[in-house]
Amino acid sequence: MSYVTENTKWMSDQITGNTKDLLARFYELADSRQSDAGQLMATEVFSEDAEIFTPAGTYKGFTEISKSRDNAWATVTSRKHTLSKVFAGRGDKGTEELVVFGSVRMTLSKGESNDSAFMALMKLGSSASSATQPRIRSMEVYAQVMTDRFARPNGSSDAPCDPTRYCGGSWTGIIDKLDYIQDLGFTAIQISPVVENIPGDTKYGEAYHGYWPKNLYALNEHFGTADDLRKLVSEVHRRDMYLIVDIVINDMAQAVNGSMEDDPSLKIDYSQLFPFDDEKYYHPFCAITDWTDPEIYQNCWFAVEGVALPDLKTEDPTVVTMIGDWIKQFVGNYSVDGLRIDAAMHMNDDYVASFSKAAGLFTLGEVSNGDTGLVCKYQDLVSGTLNYPLYYPLIQAFTAGNMLGLAESIRTVQKDCKDFTLLATFVENHDLPRFASLINDTTLAKNAMAFNILSDGIPFVYQGQEQHMQGNYTPFNRGALWTTNYDTTGPLFNLTATLNKLRNHAISIDNRYVTNHSIELHLDNSTYAARKGPEGVQIVSIFSNQGSNGGKYQLALKDAYAPGTEVMEVLGCSKLTANDVGNLTIEMDAGEPRVFFPVAQLNGSGLCGFEKQKTASSSNNSAQPANNKAKDKDKKSSANIIIVPCPIILVSGAALAVMHWFL
């Protein structure tokens, strides 16, 4: 078996042995230094009319693909690809399409080594010379690899943003742009880690993202002062919104000159880390060699080169007590409403549960794994988790045509997870390729965003998703939002604002909307329709993966509404009436999503000409909401969350709508 696919998880039974061999051969040739690797790649792997789209350039046809390897070794001495997961689906014309996740380890000519994650979207066909053997017809490559990029304070520098360094985003900048977030309909904001990070430049740039903690009891001065953070919390609360802070409790950080794995002489100066300032608080050094073995990924170090991340001994009662003391003081000092726990699966289970209890508020665990059983297990440890089991099929549905796979995954999550209301659904985040880099079709992006907001759970939207920002890998998937001029006229901005407004309105009428399972109404290869909400106030949504070139057709939906119910299609403000058995006949066109709601329930929504109820705003001087500990779970699960982990992320939530921003 090839080293490329030795540990690959094949996520679909329809992936044949020939296709597996094709992938192995392609990446073996990509790693090969032989002079004819490009020619062999063109003849053995790709079809005659194939196209490759990479960050380095685009190659079309036999001649260009043959030459694509000409400069492959100019700065690299070795390269090794391994595939972790491969998903398969069928495109609009029945062609096989693959979404490939993996990593590549490269050694540079200067002796430096690095590991990078990547994602590839492939469309398969056949070769004229071998009709029975699969060939790659097109391929798009993305690296998965964060964030003071939401807003600079008013009147600050307009200098270009170097994506590897601090760019000037701050808590004051977020305050200045809260109207933008609120106009999008988000009711919660997640910001990136706030504690002091390691200083200076490193092999990977500066700690602009906030994930390299040095001192848990000090704040990151690049983002502002303690008063600035308290003012942000106060301003968010004044608008009847919530603030969630991303936190790192798995490890601390220190820059190292080289790789601890290759150079045993490299040591950590633990005295520089606080409060865990002694080696006794950490696991002995070891690199993670198997990301599927919890014994290894919970006890070894997440990073060992350039920036080392000493792994806390999370099973140690002293460490448990110290981290609990810290979070109690932090919550008491800043009155935040929730916490996102970074890398939750890399820590001892009891440690995660104890931390969540000590925090005494809403906790959202990052469990970056597609295994529904593994992810949902964490619902016993934290309040909710990011819905990674739905992320992968969601991307396949709207970029690779596999709508059937998405529907099956929805059923699995509903069945296996005890509380779907606190699973955070997302299309983008700072570790993954932007949707627009996977497929640059605004109509498909609108469908993905609509699903993001209207499916079960907490809508979680990454800052810039509403602007259709590009960015296929780190740090380019963390671009500065101010480069968009905070445009409020684009199609994705308007769709996001409209659907958040509708969702918030439905919850205000009957908060059982949050706990009501979505019900599948229609499914085919290109269309998924569902209803969500109690009878009489349900939202009926239709999602398409046909894209902007989709054609006209009629869709008959059964059991959508009670007979005779007049409904509004809120994205186009046109009316329909359910027939005498409650069915709707809907005109579909150009791949656009459709979203319906009873006309009789639109009063106070602010949609389609109906008057909007008054809400808290920047001019509202009402008191802060009650203390976060008193805020009930139902309200949290219904919020729309904007994520601002050190200002750049948007997220929408179950009853939360969250926008996640990287500062």
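**Close-up 1. Helices α14 and α15 cross with right-handed geometry in this predicted model.** The axes of α14 and α15 (residues 491–509) lie 10 Å apart, at an angle of about 20 degrees. Angles under 35 degrees count as roughly parallel, so α14 is roughly parallel to α15. From α14, the contact takes in Thr442, Ala445, Lys446, Met449, Ala450, Ile453 and Leu454. The α15 side consists of Pro491, Leu492, Leu495, Thr496, Leu499, Asn500 and Arg503. Sorted by class, 9 residues of this contact are nonpolar, 3 are polar and 2 are charged.

**Close-up 2. An open sheet is built from 6 strands with antiparallel pairing.** The strand order is β19-β20-β21-β26-β23-β24. At the edges are β19 (519–523) and β24 (574–577), each of which pairs on one side only. On average, and ignoring direction, neighbouring strands of the sheet are turned by 25 degrees against each other. Strands of a sheet pair through backbone hydrogen bonds, in a parallel or an antiparallel manner.

**Close-up 3. Strands β20 and β21 run antiparallel and are joined by 6 bridges.** Strand β20 covers residues 527–532, and strand β21 covers residues 539–544.

**Close-up 4. Helix α1 passes helix α2 in a left-handed crossing.** The pair consists of α1 (residues 17–31) and α2 (residues 37–44), with axes that come within 9 Å and cross at roughly 165 degrees. An angle over 145 degrees counts as roughly antiparallel, so that description applies to α1 and α2. On the α1 side, the residues in contact are Leu22, Arg25, Phe26, Leu29 and Ala30. They meet Ala37, Leu40, Met41 and Glu44 of α2. By class, this contact has 7 nonpolar and 2 charged residues, and no polar ones.

Definitions and conventions:
Residues numbered from 1 in each chain as written. Predicted model: local features only at pLDDT ≥ 70, side-chain atom pairs only at ≥ 80, totals over all residues. Heavy atoms only, no water. Axes fitted to C-alpha atoms, helices over the stretch in contact; angles between N-to-C directions. Helix = DSSP H or I, 4+ residues; strand = E, 2+ residues; numbered from the N terminus. Parallel < 35°, antiparallel > 145°, perpendicular 65-115°, else oblique. Left-handed = near helix turned anticlockwise from the far one by under 90°. Contact = heavy atoms within 4.5 Å. Nonpolar A, V, L, I, M, F, W, Y, C, P; charged D, E, K, R; others polar. Pairing = 2+ DSSP bridges.
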